[in-house]
Amino acid sequence: MSFSGKVKEELSRQISSARHCRIAETAALLSACGRITSDGSLRLQTENAAVVRKGFTLLQKTFNIDTEMKKGNVYFVEIKDTEKIQNILQGTKLSVSREDGEALCSDNTLVTQQSCCKRAFIRGAFLASGSISDPEKGYHFEIVCSDQQKAEQLQELIR
């Protein structure tokens, strides 16, 4: 397993006891790996099993969502109940992009008001689309964002 994979595995086991931090981390995961499917379901999808397990646990503990993880070439959690989807979107302050109708956009300032929530959001963003190199081999840390607005929001949080 890569160094980045080991870090993600360790971070995936950290579940905050504070609901506001779980909401911030869920918002970051859904913003990076989530989408609304053509049938209206909310899907959290990734190639990393630890990340989807973390998303599953966060949805379960934070929003009392009882669903299941599905495996294949990619892992995903899918929620079909529109009332639960609305509850999650309202709680995480996510909205559906008007451009493609599928992407989830976040104004993370509402869910990251406390420094603990900022750390949780950054942790979620890293889990969803980040990588880090082994410091013994050189320093490199990155989080890939799907658009410039998300990158600028994350950059501001890290500052």
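## Helices α2 and α3

In this predicted model, the contact between α2 and α3 brings Arg19, Arg22, Ile23, Glu25, Thr26 and Leu29 of α2 against Val51, Lys54, Gly55, Leu58, Leu59, Lys61, Thr62 and Phe63 of α3. Sorted by class, the residues of this contact comprise six nonpolar, three polar and five charged.

The axes of the two helices come within 10 Å and cross at roughly 135 degrees, and α2 and α3 are therefore oblique to each other. The crossing of α2 and α3 is left-handed.

## Helices α2 and α5

Helix α2 also packs with α5, at an angle of about 30 degrees and with the axes 7 Å apart; because angles under 35 degrees count as roughly parallel, α2 is described as roughly parallel to α5. The crossing of this pair is right-handed.

On the α2 side, the contact is made by His20, Cys21, Ala24, Glu25, Ala27, Ala28, Leu29, Ala32 and Cys33, while α5 contributes Cys116, Cys117, Ala120, Phe121, Arg123, Gly124, Ala125, Leu127, Ala128 and Ser129. The class division for α2 with α5 is 14 nonpolar, three polar and two charged residues. Glu25 and Leu29 of α2, listed here in the contact with α5, are also listed in the contact with α3.

## Helices α1 and α3

Helix α1, which spans residues 3-12, and helix α3, which spans residues 49-63, have axes that come within 9 Å and cross at roughly 15 degrees, so that α1 and α3 are roughly parallel to each other. In passing α3, helix α1 makes a left-handed crossing.

The residues that make this contact are Glu9, Leu11 and Ser12 of α1 together with Ala50, Arg53 and Lys54 of α3, and by class they divide into two nonpolar, one polar and three charged. Lys54 of α3, which takes part in the contact with α1, is also among the α3 residues that meet α2.

## The largest pocket

The largest pocket of the model has a volume of about 450 Å³. Its lining consists of 27 residues, of which Ser31, Leu104, Ser146, Asp147 and Lys150 are the closest to the centre of the pocket.

Several elements each supply at least two residues of this lining, namely the helices α2 (19-33), α5 (115-129) and α6 (148-158) and the strands β1 (34-36) and β6 (104-106).

Conventions. Residues numbered from 1 in each chain as written. Predicted model: local features only at pLDDT ≥ 70, side-chain atom pairs only at ≥ 80, totals over all residues. Heavy atoms only, no water. 1 Å grid on protein atoms, 1.4 Å probe; cavity = no way out; pocket = protein on both sides within 12 Å on 5 of 7 lines; lining within 4 Å. Points joined across faces, edges and corners; volume = space filled by probe spheres on them. Helix = DSSP H or I, 4+ residues; strand = E, 2+ residues; numbered from the N terminus. Axes fitted to C-alpha atoms, helices over the stretch in contact; angles between N-to-C directions. Parallel < 35°, antiparallel > 145°, perpendicular 65-115°, else oblique. Left-handed = near helix turned anticlockwise from the far one by under 90°. Contact = heavy atoms within 4.5 Å. Nonpolar A, V, L, I, M, F, W, Y, C, P; charged D, E, K, R; others polar.
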